[in-house]
Amino acid sequence: MMNPAHPAAAAPVAAPAHGHDDHAHPATQRFILGIFDDEDVLMEACEKVLATGTKIYEVFSPYPIHGIDDVLGIKRTRLPIAAFMFGCCGLSLALFLQIYMLWSDWPMIIGGKPHYAFPAFVPVSFELTVLCTAFGMVITFLTVSGLRPKLKVQVMDRRSTDDKFVLAIEQTAKTSLPDLTRLLRANGASEVNEKEISKK
Amino acid sequence: MSSHTSPLRTPLVTGGKTYHDVTHDIARHVENPPNLRWLAALTVSLLFVGIFMYSLYRTLWFGIGEWGLNKTVDWGWDITNFVWWVGIGHAGTLISAVLLLFRQKWRSSINRAAEAMTIFAVICAAMFPVIHMGRPWLAYWFLPFQNTFGSLWVNFNSPLLWDVFAISTYFSVSLVFWYLGLIPDFATIRDRAKGPIAKRAYALLSFNWTGSAKHWSRYEYVSLILAGISTPLVLSVHTIVSMDFATSVIPGWHTTIFPPYFVAGAIFSGFAMVLTLMIITRETFKLKDYITLEHIESMNIIITVTGSIVGVAYITEFFIAWYSQVPAEQYCFINRATGPYWWAYASMMTCNVVSPQLFWFRSLRRNVVFTFILSIFVNIGMWFERFVIIVTSLHRDYIPSSWVMYSPTWVEVGIFTGTMGIFMTAFLLFAKFFPVINMFEVKAILKSSSEPGVFPKRKPSDTAAPVRQAVSPPAGAGVNYDKEQ
Amino acid sequence: MQETIKYWKGYEELEQSPEFVRQAQNEFPDFLPLNGENGEGTSRRDFLKLMGFGLGAATLASCEAPVRNAIPWLNKPETLEPTIANYYASSYFTGNEYVAVLVKSRDGRPIKIEGNPLSAITKGGTSAKAQASVLGLYDEARAHNPLVKGKDSDWKTVDGEIRQRLASASGTVALVTGTIISPSTKRAIAEFAGRYPNFRHVMYDANSASALVKANGGAVPGYEFAKADVVVSVGADFLGTWISPVEYAWHWAQKRKLKRENPQMSRLFAFESIMSLTGANADVRAAVKPSQLPQVVAALYARIVGGAGVTLDKTAEAALDKAAEELKAAQGRALVVCGTNDLASQTLVAEINRALGANGTTIGAPSYVRQGDDAAMLDLIQQMNAGRVGAVLVAANPVYDHPQGKQFAEGLKQAGLTVSFNDRSDETAALCEFLAPDAHYLESWNDFEPKKGFLSLQQPGITPLFNTRQLPESLLRWAGSNANYYEYVKATWKGLGNWDQIVHDGVLQTGASLLTITPQANPMSVSAALSAASASAGSGIELALYEKVGLGTGADANNPWLQEMPDPITKGTWENYVAMPRPMAVEMKLEQGDFVTVSANGTTLTLPVLVQPGQATGSVAVAIGYGRTAAGKVGDKMGANAFPLVTVGDGQLMLAATSGVKIAKADQKRIELAQTQTHHTIMDRLVIQESTLEKYRENPREVTEYEKLATSEGPKAPGEVSLWQDYEYKNHHWGMVIDLNSCIGCSACTIACQAENNVPVVGRQEVVNRREMHWIRIDRYYSENPHKPKDYDAMETPADQPMVVFQPLMCQHCNHAPCETVCPVLATTHSTEGLNQMTYNRCVGTKYCANNCPYKVRRFNWFSYNDNEKFDFNQNNDLGKMVLNPDVTVRARGVMEKCSMCVQRIQLGKLDAKKEKRRPVDGEIVTACAQSCPTEAILFGDMADPNSRITKALKEQHRERAFHVLEAINVQPNVTYLTKIRNVETAKTAEVPA
């Protein structure tokens with residue numbers, strides 16, 4: 001299932017990476033990428049790696065892997081709370097609009113109904129609530145996750161949006177490539193690559 | 001999504017697909033140049049758009065006197081089409097939101113197209129309330145602005161104003177929901193893209209998505225909450241549309257049964273339209289393995305159920321009319337069935353109530369051609385339902401002296417067929433440049449619900465060495481990866 | 001260009017340059033090139049230039065005219081204030097019907113006709129024709145100059161030519177006119193006759209009553225229906241078109257208005273061939289063929305005076321017995337009228353009335369509005385063709401509206417001199433060498449004596465718009481006198497009282513009579529009459545010709561308001577048709593709208609069929625007044641001219657053909673008739689309520705059915721289960737009460753509203769598309785045959801001889817208005833005075849309000865109806881626009897409109913009151929419809945004022961006759977209707993759903 005002609009195939013660790021580069025460009029980070037073909041294998045690998053005390057920089061996958069949050073210790077997002085808040089804003093805005101406009105600003109006789117006809121205000125209130133919730137939450141999500149249109153996108157391994165599961169470990173002064181490589185291979189990585197990307 | 005599935009369940013994706021095959025099968029259409037059939041279809045749809053433009057010009061330049069409306073029937077094809085399109089627009093969000101909440105995995109391969117359809121249908125629908133106005137250039141007065149003389153605001157008692165809020169909310173939220181789903185797939189296409197333009201275009205579209213675990217976990221919460229709020233939203237939209245009629249005093253309109261009845265009808269017609277489109281897509285883009293008979297059957301079942309609900313609603317209306325003992329009310333419904341517009345009523349009944357019952361036969365349920373024809377029937381029937389409700393209620397209401405007949409002019413017909421052109425054009429463009437099937441969701445369910453044997457569970461020990469050989473790319477490729485962009 | 005014109009006008013007015021004033025005198029300034037008459041041949045731009053100048057001139061000139069020698073109606077300063085309307089008392093008489101009117105003039109422009117309440121004859125009522133006459137003033141098709149052989153000329157040349165040619169005329173000098181009731185004009189004619197010895201004056205009426213006149217000693221008897229408890233009409237549509245409908249309608253209504261203590265009503269029997277307005281309002285109606293009308297008279301004579309009668313069919317016999325019996329019982333309170341122009345019948349009717357002691361009781365001072373002599377006219381036509389007439393001066397349109405029009409046209413060729421006084425070069429004028437155009441009545445001074453001893457003055461509201469001159473003035477010129485006609489009229493009235501007062505009142509009633517009518521003996525003996533009338537009727541298909549309430553004899557055919565006015569009975573507009581009873585249509589396999597050829601008296605017409613309930617079996621009816629060819633672009637080629645079908649009897653013109661009538665299906669594509677109502681029965685709904693006098697006498701609380709709603713605490717009136725606390729209307733609460741007993745369906749209100757509120761005309765095709773714009777419509781329903789409840793098919797088909805009921809329907813100004821609730825932009829809201837008001841400039845045109853209106857009274861501007869060539873009526877040219885009421889917005893395309901209860905009048909009334917630091921007095925503010933109503937069926941007032949008539953009426957009629965249309969949906973209208981009460985045996989009303 002591996003496609004040899006795949007453009008994104010990265011170099012094996014054996015090949016001497018341009019070691020001097022990181023001195024030449026301090027503005028870059030270097031990563032060890034464990035490429036996996038299967039989410040379950042990746043999960044196990046993650047546990048193993050963490051067990052050795054190595055910090056996992058990030059895991060990239062073509063679709064959400066369930067349970068990996070706990071493994072990587074990703075905190076539960078507070079977006080739902082934000083959503084609720086936005087909802088409340090929407091509701092109060094709607095009620096304010098309607099009551100102010102039809103009741104206090106210019107009360108008019110409309111079909112003999114009272115100026116403050118609450119039942120008639122329900123639909124708009126609901127719609128505005130939903131609108132604010134949706135937009136507020138999504139915008140928050142995009143901002144906090146730094147998701148915005150960019151002409152140039154840096155990815156660890158292009159196949160990670162296709163069929164590969166990528167486990168990235170940041171190289172620091174004290175990380176030893178061979179150990180990590182061995183560790184990853186032992187845990188089922190189909191390849192282990194080295195990767196250097198410029199800091200954002 | 002839960003990874004639990006019953007081993008007894010028939011596979012949702014057939015043909016032993018791997019993750020990469022999924023990507024390839026779906027992204028292929030985006031990457032390859034358009035085929036002739038697609039171009040032909042596009043030309044035809046653009047032709048209809050032309051018709052729309054001309055009819056619209058006649059309407060706007062000379063006034064809606066160009067239509068067949070009169071002093072008694074002030075809404076005709078215009079609002080009929082409006083309600084019809086809105087109804088169609090319901091399936092998309094329903095499939096993605098409600099089925100998501102109900103953990104219906106089979107939705108994965110159809111929700112993308114269904115949502116797209118929703119968006120386009122709502123666009124078509126939203127045009128009618130504007131162009132049916134006497135002075136469309138003042139449409140912005142629907143929004144709560146102060147008027148030029150001071151604080152004259154809008155009337156929040158008017159169902160038409162509720163519509164404005166409902167439709168716009170529904171449209172924008174659906175759009176967001178749909179686009180959010182597209183982001184990871186755009187990323188996939190971006191990473192496969194060859195040409196510089198495609199690279200940059202999809203880079204922009206993909207919102208800098210990398211598929212990191214943190215993003216994925218937030219992403220899932222967001223889609224879940226969106227689904228949560230979209231579900232009542234979907235129901236509210238057609239409820240509010242139905243209130244245009246339910247809150248009035250006209251016999252045949254003034255009916256409390258309308259909200260549920262309209263929503264059922266909306267789902268009914270929406271699913272029919274989804275089927276129509278999905279069957280076409282499935283054939284033209286060879287996606288039989290993703291849109292399987294399984295999908296078609298489940299949708300047919302929903303159509304049968306909603307169709308029957310609508311049928312019950314029709315009968316209830318009659319009962320209530322009789323029970324109310326209000327002469328005008330009673331006459332209204334007798335007139336529907338036996339009056340001058342009996343043919344509209346008859347077509348409605350056969351298409352909406354009788355025909356879906358054929359789906360009780362499994363063979364017909366799983367027959368693609370039959371399903372396709374019937375899905376079109378259903379939409380014809382649903383159009384007639386709206387026509388019956390609007391026109392036959394109005395043309396003979398309270399005061400017999402004002403009773404009239406109504407028939408459309410070619411301008412009205414042109415506008416209606418024109419919106420179909422707009423709808424098809426939009427859908428064709430979508431099918432060509434966007435991934436018609438939600439790749440990441442399909443991949444997510446691939447392992448759990450595709451045919452056994454494709455994914456042999458591997459032990460870490462026998463991590464295939466050959467694989468390593470297989471990958472022997474030019475040295476330094478990985479390192480130079482950044483520089484090549 | 002519009003701008004420049006306005007500026008130019010204004011500038012001139014500012015300047016007051018003598019140059020301009022001089023130009024103002026002659027319509028077309030010499031420095032502007034003009035080829036061809038009224039602008040044809042010149043570019044539209046030029047035409048508008050001229051017209052613009054004309055307007056400027058007219059407006060300026062008119063500013064002085066009334067001030068010089070006229071007194072405003074209300075005690076206003078004599079200088080004309082801009083934006084303040086003045087009312088001038090005047091009189092409407094165009095050879096057909098007489099109405100005493102007030103001319104509402106704004107900024108020097110007459111814009112509205114109102115009834116003159118001081119008139120003892122018309123009592124402040126008007127007719128549709130009178131209401132529409134103001135638009136006739138601004139008719140583009142009128143001649144702008146005297147014409148010689150169709151070329152524009154000037155009075156000097158014309159006068160010179162004519163004087164000299166008259167002097168040298170060989171043979172008689174004949175003057176042909178319609179009925180003339182003006183003493184001064186008659187004086188002028190006499191003066192003219194004095195100058196030309198062999199002069200002959202012939203009067204004829206398009207819808208002739210010469211037999212009636214002959215049989216009654218030279219004048220129409222002064223019928224006073226207000227004194228009659230039993231009225232029998234034999235083919236006389238006295239409520240719609242016969243002689244003096246406005247006067248008669250008022251009189252008749254006096255006996256139809258119910259008082260609560262000891263309620264009395266007159267009873268009306270109608271024998272007629274067509275379904276007429278009178279028949280529609282009759283308590284007992286029998287349809288007979290035209291040829292049977294004389295027999296009916298003979299039979300009635302036999303029953304009342306004695307002698308051998310004739311026997312007719314069962315229904316007619318039964319009706320006759322009843323009628324005769326009641327007539328005899330009501331000696332001195334009974335009246336018989338006959339509309340057939342048949343000397344025998346009229347002689348007998350005169351006898352019957354004498355026998356009933358009607359003379360001096362129900363018949364008073366004679367009326368002069370019909371003096372036409374058919375025999376004389378026929379004789380003249382012979383003379384002309386024999387070449388014995390040297391000069392023909394014609395102030396009528398015989399070529400169009402006389403059955404021998406062709407012969408008349410031939411005769412004109414023989415005459416050495418032919419002069420027409422018509423206001424346009426119409427069918428007759430076009431054949432005359434000279435056209436000396438008469439001025440419009442709103443441009444003229446004149447005096448009338450419609451009834452012996454009832455004098456009436458005609459006062460101009462504006463100086464002539466075009467270079468026209470009144471007929472009498474022309475005659476005086478040619479008689480060699482230079483008298484100013486105004487002074488001439490004044491002289492006629494010398495010693496009759498204070499001239500200023502007379503001009504102010506417009507009417508004078510001192511018993512003095514100015515007209516001298518030569519009495520003539522009835523040439524026919526009663527016995528001869530009896531035998532003639534009893535002669536057996538024809539057995540074949542017969543044709544009845546009738547006048548439509550709107551268009552009349554076709555003189556005003558170019559008036560779009562009248563063309564588009566729905567006929568009260570058929571609801572048809574813009575055309576005439578063959579009214580055919582259902583059985584005949586079925587037998588001939590004809591659907592409504594199919595074309596048939598009708599041949600009679602050697603003429604054949606091709607017209608569409610209209611299935612008409614109430615049309616006498618074996619007969620069809622066609623309306624006269626259509627098929628004009630030279631009336632103007634609005635009136636031409638509408639329907640077909642039925643005058644040639646008129647039967648020329650011995651010395652009488654009969655508006656019927658009783659023998660040799662052929663009807664055949666024509667192979668022409670079926671068309672849709674332009675009717676404003678296509679469904680004719682009430683479908684057993686509580687839209688209209690009616691009952692009988694008997695029931696009302698038994699228990700007034702039983703005559704009206706009030707729907708109740710089922711609630712947990714038992715049935716309740718809809719108003720009691722209201723969801724909300726209702727608003728209080730503390731200051732004013734405007735409302736209307738409409739008495740279905742008094743409403744005769746004449747449609748004067750429809751036109752009055754159109755004039756007051758600038759309601760556009762939409763044309764035939766748009767009426768077919770069901771988009772007419774009238775703010776107040778008169779719904780007309782036929783009763784259906786007895787049927788089982790919920791048998792909808794039976795309900796939908798009217799009876800062949802149905803009862804008829806009329807219901808004026810305008811915006812009901814609901815206090816729980818459904819339209820207000822649904823308007824998204826608040827374009828229609830409720831005023832604090834209970835009015836449902838429409839804000840045009842806020843309306844975006846969703847039409848939701850119209851859908852949600854249970855009464856369907858909202859009207860939408862589907863197109864732009866002004867400045868739009870597609871709707872080339874009065875709102876598409878500068879002249880026609882002068883009739884617009886400046887107080888009312890001209891609605892733009894795409895907005896909704898509807899009855900505003902004449903809010904502009906309400907505001908004006910409130911302001912006037914405010915200026916005088918008082919509250920408006922009841923009756924001071926009147927809506928256009930209420931003002932125009934000849935029977936006072938519409939009562940408008942302030943329901944918050946405890947002493948107003950409307951409050952009293954509502955209190956008095958509460959839970960008795962007062963009801964709201966569609967009360968069950970609890971929209972709480974401010975318009976209340978009073979149940980119609982018929983004076984018939986209860987048994988008969990079993991048929992009528994109530």
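How many residues of chain C are in contact with chain A? There are 14 of them, and they meet nine residues of chain A. Before I go on, please keep in mind that this is a predicted model.

Let me stay with chain C and chain A for a moment. The area buried between these two is about 1000 Å², and carbon and sulfur atoms give 69% of that. On the side of chain C, the residues that lose the most area to chain A are W724(C), Y727(C) and L826(C), and together they account for 55% of what that side buries. Two elements of chain C give two or more residues each to the side touching chain A: α26 (818-822) and β35 (828-830). Sorted by class, that side has five nonpolar, eight polar and one charged residues.

What about specific pairs across this interface? Between chain C and chain A, the rule finds zero salt bridges. It does find five residue pairs in polar contact, both partners having pLDDT 80 or more.

Now chain B against chain A. Here 72 residues of chain B are in contact with 83 residues of chain A. The two chains bury about 7800 Å² between them, with 66% of it on carbon and sulfur atoms.

How many salt bridges are there between chain B and chain A? The count is one. K214(B) forms a salt bridge with E58(A), and the closest N and O atoms are 3.8 Å apart. Polar contacts between chain B and chain A come to 20 residue pairs, again with both residues at pLDDT 80 or more.

Which elements of chain B are involved? The element that gives the most is α8(B), with 17 residues. By class, this side of chain B divides into 39 nonpolar, 20 polar and 13 charged residues.

Last, confidence. For the complex, the predictor gives an ipTM of 0.86 and a pTM of 0.87. Chain C has a mean pLDDT of 87, and 91% of its residues reach 70 or more. Over residues 1-7 of chain C, though, the pLDDT is below 50, and that stretch has six contacts in the model beyond near neighbours in sequence. Residues 63-73 of chain C also stay under 50, and for them the model has 27 contacts beyond four places in sequence.

That is what I have for today.

Definitions and conventions
Residues numbered from 1 in each chain as written. Chains lettered and ligands numbered in written order. Predicted model: local features only at pLDDT ≥ 70, side-chain atom pairs only at ≥ 80, totals over all residues. Heavy atoms only, no water. Contact = heavy atoms within 4.5 Å. Buried area = accessible area lost by both parts, 1.4 Å probe. Salt bridge = Lys/Arg side-chain N within 4 Å of Asp/Glu carboxyl O. Polar contact = N/O pair within 3.5 Å; in protein donor to acceptor, adjacent residues only side chain to side chain. Helix = DSSP H or I, 4+ residues; strand = E, 2+ residues; numbered from the N terminus. Nonpolar A, V, L, I, M, F, W, Y, C, P; charged D, E, K, R; others polar. pLDDT = per-residue confidence, 0-100.
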